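I opened my notebook for this one and went looking up a few residues and helix pairs. Here are my entries, in the order I made them.

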Amino acid sequence: MAETGFKKWIITITVITASLLELIDTTIVNVALPHIQGNLGATLEDVAWVVTGYAVANVIILPMSGWLGGRFGRKNYFMASIIVFTIVSFLCGNAHSMDELVLFRIIQGIAGGGLISTAQAILLETWPREQIGTATALFGLGAVVGPTVGPTIGGWIVENYSWPWIFYVNIPVGALAAFCTYTFVRETPKDAKGKPVDWWGIILLAIAVGSLQTVLEKGESEDWFAKPYILVLTISAVLGTILFIWREMSTEHPIVNFSILRHRSFAVGMFTSFILGFGLYGSVFVFPVFCQNLLGFNAQQTGELLFPGGLCTIVMMPFIGKMLNKGIPAQFMATAGMFLFYVFTHMLSGSTLATGEKDVLVPLLIRGVGMALLFVPLTTLAMADLKGPELGQGSGLNNMMRQLGGSFGIATLTTIIHIRQGVHRNNLLVNINPYNNPFNDRLHMLTQGFMAKGKSMIDATHMAYQAIEGMVTRQTLLLTYDDAYWISGLVMLFSIPLLYLQPFKKLKAVADSH
């Protein structure tokens, strides 16, 4: 039964706030890693587990969140997740060693996995079915804006305070969210209470999803299958997935109810959510690297560049929800969103070394509109046919696919950057030879310039070659990042036909059918 009036809005604000805590924490830590590394005396490989541990724990718990909500009650599970997340945030900020911090981040990831999917399920039950578009739009504020503004907030905190405060800021927000949840959120039936626990399902899920997420997080930095443990994890991910699906399809009380895939909208929505994650997290990954490695921006400047696009998404979300409620097909709106995302990547794929803040503002605003047009319709299409206990299960699976899509996107784009960097460098070095007149002219000009500053002929020539090496490196990086933008845009563009595999339904008709 849907809520009305003040209670509806206070529950909405509470669950969005709680989900924002989890989503911001997926990216807020990234900009603080160098500070954490220096403060705790860790290596770069060790400090990377602060991000990897959180992501792995998070993606393991996401598909289980529906079952956990059914077993303990959605309200109880949600409130417990907020409380644990808040307490562990304090412990993360107070960690005295890298081992402590990684352990607390894993626990934080487990608690965070219970926030986002349960928040979405509560929100969808709080709003009337005919207003599912508005409810999804409001949830999307956190899901899309959280990862985008995370680096902005993290950069500002690190620049003005110290890295523990990226965790301490969660404490008052989490405490308020827990109080509002206890006071206003209605309890749901404990459907799974008293039923046998599918321990084999839990173990196989942890092996399958945990192994896959670790491979995606660490594969590129470990040179993929050159490291034996990456190969072992890949095999365990494949075998674990096969055995997990077999187990859940054959057991009487599964922790993940795959029967909801009978809804064609949800089954296709799993793939479109994967693509959404690829674009959302992939672009948030490439853009900061591009700005800081090539354009010379610091973390705070890069975060500030992303903020207007996030603000644009916030402004657009309510309008998207209203258009869905009025019966405009979600497929048409998502198509427009995918096309706008392609326009964003196409514009940035033409970047040069002279690209500045003004040059990237318009593409980022276009991305902001595109993400609003993507998240709300795609989530609405996926979740529209689900009801009751299926909401929690569907929300968990849908959010897991978006997270895995993001991990695939980052891993794929990182690998592409690595490969294309070598290709472009080899192509550019072909021009560095004494038979190329433009090269000789540039070398001579640089040598004369250094000699004019008092350098000897030998030193000036050596410095000229070093300067040309720097130019080659910067041009190589530029061409490589341009490729990454272009490829991610094509992935989104070629995914448009998937949208039309989902049936056209008006939300009012969906509401009436329930």
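**Entry: alanine 57**

I started with alanine 57, which sits in helix α3, residues 44-61. A caution to myself before going on: this is a predicted model.

Is alanine 57 buried or exposed? I found a relative accessible area of 8%. The cut-off for buried is under 20%, so alanine 57 counts as buried.

Next I asked which residues alanine 57 touches, leaving out those up to four places away in sequence. The list I got is Ile106, Gly109 and Ile110. I also looked up valine 84, which is 27 residues from alanine 57 in sequence. From C-alpha to C-alpha, alanine 57 and valine 84 are 14 Å apart in space.

**Entry: glutamine 108**

I moved on to glutamine 108 and placed it in helix α6, which covers residues 98-126. Its relative accessibility came out at 0%, so I noted glutamine 108 as buried.

What is glutamine 108 in contact with, once neighbours within four places in sequence are set aside? I wrote down Asp25, Tyr54, Phe85, Val88, Ser89, Cys92, Phe167 and Asn170.

**Entry: phenylalanine 307**

I found phenylalanine 307 in helix α13, residues 299-325. With a relative accessible area of 39%, phenylalanine 307 is partly exposed.

I then checked a pair that is separated along the chain: phenylalanine 307 and isoleucine 153 are 154 residues apart. Their C-alpha atoms are separated by 9.7 Å.

**Entry: glycine 470**

I looked up glycine 470 in helix α18, which runs over residues 457-494. Glycine 470 is partly exposed, and I have 28% for its relative accessible area.

For a distance, I took cysteine 312, which lies 158 residues from glycine 470 in sequence. In space, I get 37 Å between glycine 470 and cysteine 312, C-alpha to C-alpha.

**Entry: threonine 335**

Threonine 335 took me to helix α14, residues 330-348. I read a relative accessible area of 19% here. Buried means under 20%, so threonine 335 is buried.

Which residues does threonine 335 touch, not counting those up to four places away in sequence? I noted Ile496, Leu499 and Tyr500.

**Entry: helix α15 by itself**

I turned to helix α15, residues 357-383, and counted 27 residues. From its first C-alpha to its last, α15 reaches 38 Å, and I noted that this is close to the 39 Å expected at 1.5 Å a residue.

How many residues of α15 are buried? I got 21 of 27, so I put α15 down as mostly covered.

A reminder for my own use: two packed helices are described by the angle between their axes and the distance between the axes.

I took α14 as my opening partner. The axes of α14 and α15 come within 7 Å and cross at roughly 155°. That makes α14 roughly antiparallel to α15, as angles over 145 degrees count that way. I noted the α14 and α15 crossing as left-handed. By class, I have 23 nonpolar, three polar and one charged residues in the contact of α14 with α15.

Then came helix α12, residues 264-293, whose axis comes within 9 Å of that of α15, with a crossing of roughly 160°. I therefore logged α12 and α15 as roughly antiparallel to each other. The way α12 passes α15 is a left-handed crossing. For this contact of α12 with α15, I have 14 nonpolar, five polar and one charged residues. On the α12 side I listed residues including Phe266, Leu276, Leu280 and Phe287, and these meet a set in α15 that includes Val360, Leu364, Arg367 and Met371.

I noted the crossing of α15 and α16 as right-handed. The contact involves Phe375, Thr379, Ala382 and Met383 of α15, and across from them I wrote Leu391, Gly394, Ser395, Asn398 and Arg402 of α16. By class, I have four nonpolar, four polar and one charged residues where α15 meets α16.

Technical notes:
Residues numbered from 1 in each chain as written. Predicted model: local features only at pLDDT ≥ 70, side-chain atom pairs only at ≥ 80, totals over all residues. Heavy atoms only, no water. Helix = DSSP H or I, 4+ residues; strand = E, 2+ residues; numbered from the N terminus. Expected span 1.5 Å × (residues − 1). Buried < 20%, exposed > 50% of the residue type's maximum accessible area, 1.4 Å probe, protein only. Axes fitted to C-alpha atoms, helices over the stretch in contact; angles between N-to-C directions. Parallel < 35°, antiparallel > 145°, perpendicular 65-115°, else oblique. Left-handed = near helix turned anticlockwise from the far one by under 90°. Contact = heavy atoms within 4.5 Å. Nonpolar A, V, L, I, M, F, W, Y, C, P; charged D, E, K, R; others polar.
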